[in-house]
Amino acid sequence: MSAQQTMGLFLNDSLSVNGYTLFANSRITYLIDNCGNLVNTWESNFVSNTSNYLLENGDLLRTARVAGSFTGGGSAGRVELFNWDGDLLWSYNYATPEYHLHHDIEPLPNGNILILAWEAYTEAEAIEEGRNPGAISNGGIWPEQIVEVEMVGTNEINIVWEWRAWDHLVQEHDNSKNNYGIVADHPELIDINYGEISGGFPGGNPDWIHANAIDYNPELDQIAISSRHFDEIWIIDHSTTTAEAAGHTGGNAGKGGDLLYRWGNPEVYQRGDDDDQTLWGQHNVTWILEEDHPHYGKLLVFNNGLGRPGGNFSSIDLWTPPMEGDYNYSIGNSAPFGPVEADWSYSEPGFYSINISGVHALPGGNFFVCEGTSGHFFEVTLDGEVVWDYINPVSASSGPQTQTTNPSSNSTFRATRYPAGYAAFENKDLTPGAPIELNPLPSDCIIFEGPVTSIEEEKIWQGAWLRNNPVSNFLTIINETNGPVNVEVFDLTGRQILHQKSFDREVVMNVIDWIDGFYLLRISGPDKTQSFTQKFVKN
């Protein structure tokens with residue numbers, strides 16, 4: 001009996017977007033090809049299981065964990081920049097008793113970086129801003145800040161822009177304190193008392209908002225923020241000055257640093273109830289900005305599903321924010337922001353990650369998913385078909401694990417697929433090595449240079465084509481090239497299961513014993529310089 005595979009590559013379908021996948025859950029960041037073979041690594045002195053980015057010039061921008069005064073989930077504190085060869089070019093610890101980087105950063109087109117961080121306020125300061133005294137302890141409160149920094153030298157920064165949640169609060173607990181107002185009248189502001197006793201902390205959770213992701217839209221010059229504890233996505237204006245970002249006017253949208261849009265849980269701003277909630281503990285909000293994607297311009301999120309009515313399960317959700325004019329979002333006088341529900345969702349039985357995780361869109365319409373707690377990365381089409389499937393073989397504590405053993409400690413905050421044409425790979429050595437896992441199983445995986453068209457489309461090359469699709473008992477190739485053709489068939493793991501060369505005008509192959517399912521056919525000329533590839537189904 002052959003050994004049972006437990007990690008690494010399980011599937012590389014021709015419909016997958018060919019490229020390279022970046023991930024980290026330890027001191028090492030890995031880059032693999034679509035066959036799961038190692039292409040590059042970057043090693044740091046610091047552990048990372050938060051965000052990592054491969055920049056267009058081939059440099060790696062990564063977050064890392066350093067000790068500090070903040071100990072919440074997703075703590076990082078450090079940013080590092082490595083070149084392709086693994087040399088450390090720049091680093092900075094954004095970590096003091098007053099503030100601490102956590103979860104995510106975002107590289108900007110101008111070369112700067114957005115940093116998501118906690119900042120500390122005392123119990124007394126929070127009460128003065130309207131926090132219920134019964135919902136806060138001497139641990140204080142940690143609202144969010146976002147700073148845009150310019151890298152300077154090898155270990156310095158310039159802060160060029162900043163936004164603070166602390167400047168955009170509302171409360172209706174105490175009319176003698178700051179920020180008093182009717183919460184439902186101010187969806188643009190953040191209720192300082194929402195979730196006031198969450199997290200099991202005496203006096204409430206100091207990590208009150210718990211943002212876990214940011215994304216930037218250069219076309220709108222806006223920033224999206226994911227708040228796990230509010231079960232909401234927020235959008236703010238980046239076109240403001242720092243002074244405007246601290247107020248309520250200015251910027252392209254004219255609203256300063258107030259929330260332009262929020263979605264996922266309108267009960268937070270008292271314009272809905274449990275029945276109106278659409279997000280539960282979500283991660284990794286992104287705009288879909290791939291121009292050939294059918295859902296271009298929409299928002300996308302990994303909806304973790306913790307506390308979802310009817311049971312905990314995760315989903316991939318995308319929706320259309322209701323734009324009003326060029327930069328604003330429409331909302332009724334007493335209604336919540338729309339839409340009522342997602343435009344498209346993906347889920348399946350057993351798909352669930354209680355925390356971490358992510359998703360992003362790929363060119364052409366697919367989505368790349370990181371089911372974080374299990375270290376499971378996969379690519380799925382709009383039709384819900386999984387076309388690439390991989391289990392992270394790296395233990396955060398001990399490194400690569402042995403194939404056929406049960407993977408452990410392989411949870412992964414996020415993984416990212418970069419298409420093969422991404423600028424970072426130009427003039428780089430992309431020679432694949434071995435798989436990351438120890439003692440890998442034999443594999444005949446092949447790299448498909450581009451996605452194969454659907455099986456409904458007839459494919460013809462120089463007079464050779466597949467006669468029947470679907471296929472039942474016999475696979476028949478018509479050859480009118482007046483020469484030999486090579487016929488190859490692969491299963492969806494990329495393993496070759498048939499290879500035949502023939503001069504016959506009608507090439508017939510018995511496939512009655514094949515397992516029903518999808519296969520990949522490649523027909524090529526004698527020197528294989530001309531070919532076509534087609535997916536077909538056997539039933």
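**Labels and their cut-offs**

User: Which residue of β10 stands opposite L101?

Analyst: A117 in β10 stands opposite L101. The model is predicted: local features need pLDDT of at least 70, side-chain atom pairs count only at pLDDT 80 or more, and totals for chains, interfaces and linings use all residues. Residues are numbered from 1 along each chain as its sequence is written, and side-chain values use heavy atoms, with hydrogens and water left out.

User: Why are β9 and β10 called a pair?

Analyst: A strand is a DSSP run of E with at least two residues, numbered from the N terminus, and two strands pair if DSSP finds at least two bridges between them.

User: What makes β9 largely enclosed?

Analyst: Seven of the nine residues of β9 are buried, so the rest of the structure largely encloses this strand. Buried means under 20% relative accessible area, exposed over 50%, and partly exposed in between (1.4 Å probe, protein chains only).

User: Why is I391 called buried?

Analyst: The relative accessible area of I391 is 15%, and therefore I391 falls under the 20% limit. I391 lies in strand β28 (residues 386–391). Leaving aside neighbours within four places in sequence, its contacts (heavy atoms within 4.5 Å) include T6, M7, F10, H376 and P407.

User: What shows that both faces of β35 are covered?

Analyst: In a regular strand the side chains alternate between the two faces of the sheet. On one side of β35, V485, V487 and V489 are buried, and on the other N486, E488 and F490 are buried too.

User: Which strands pair with β35, and in which sense?

Analyst: β36 (residues 496–502) pairs with β35 over six bridges in the antiparallel sense, and E488 has H499 as its bridge partner in β36. β38 (residues 517–524) also pairs antiparallel with β35, over five bridges, and there N486 stands opposite S524.

User: What makes a group of residues a nonpolar core?

Analyst: The members must be buried Ala, Val, Leu, Ile, Met, Phe, Trp, Tyr or Cys residues joined through side-chain atoms within 4.5 Å. The largest such core has 49 residues, of which I146, W163, I223 and I225 touch the most other members. Strand β17 (residues 232–237) gives the most to this core, with four residues. A second, separate core of 28 residues includes Y20, W42, I113 and I115.

User: Why is one space called a pocket and another a cavity?

Analyst: On a 1 Å grid over the protein atoms alone, a cavity is a set of points where a 1.4 Å probe fits but cannot get out, whereas a pocket is an open set with protein on both sides within 12 Å along at least five of seven lines; lining residues have an atom within 4 Å of a point. The largest pocket has a volume of about 1,200 Å³. Of its 38 lining residues, Y53, E106, P107, Y418 and Y422 are the closest to its centre. The largest cavity has a volume of about 40 Å³. Its eleven lining residues include I136, G140, G203, G204 and P206, the closest to its centre. Volume here is the space filled by probe spheres set on grid points, which are joined across faces, edges and corners.
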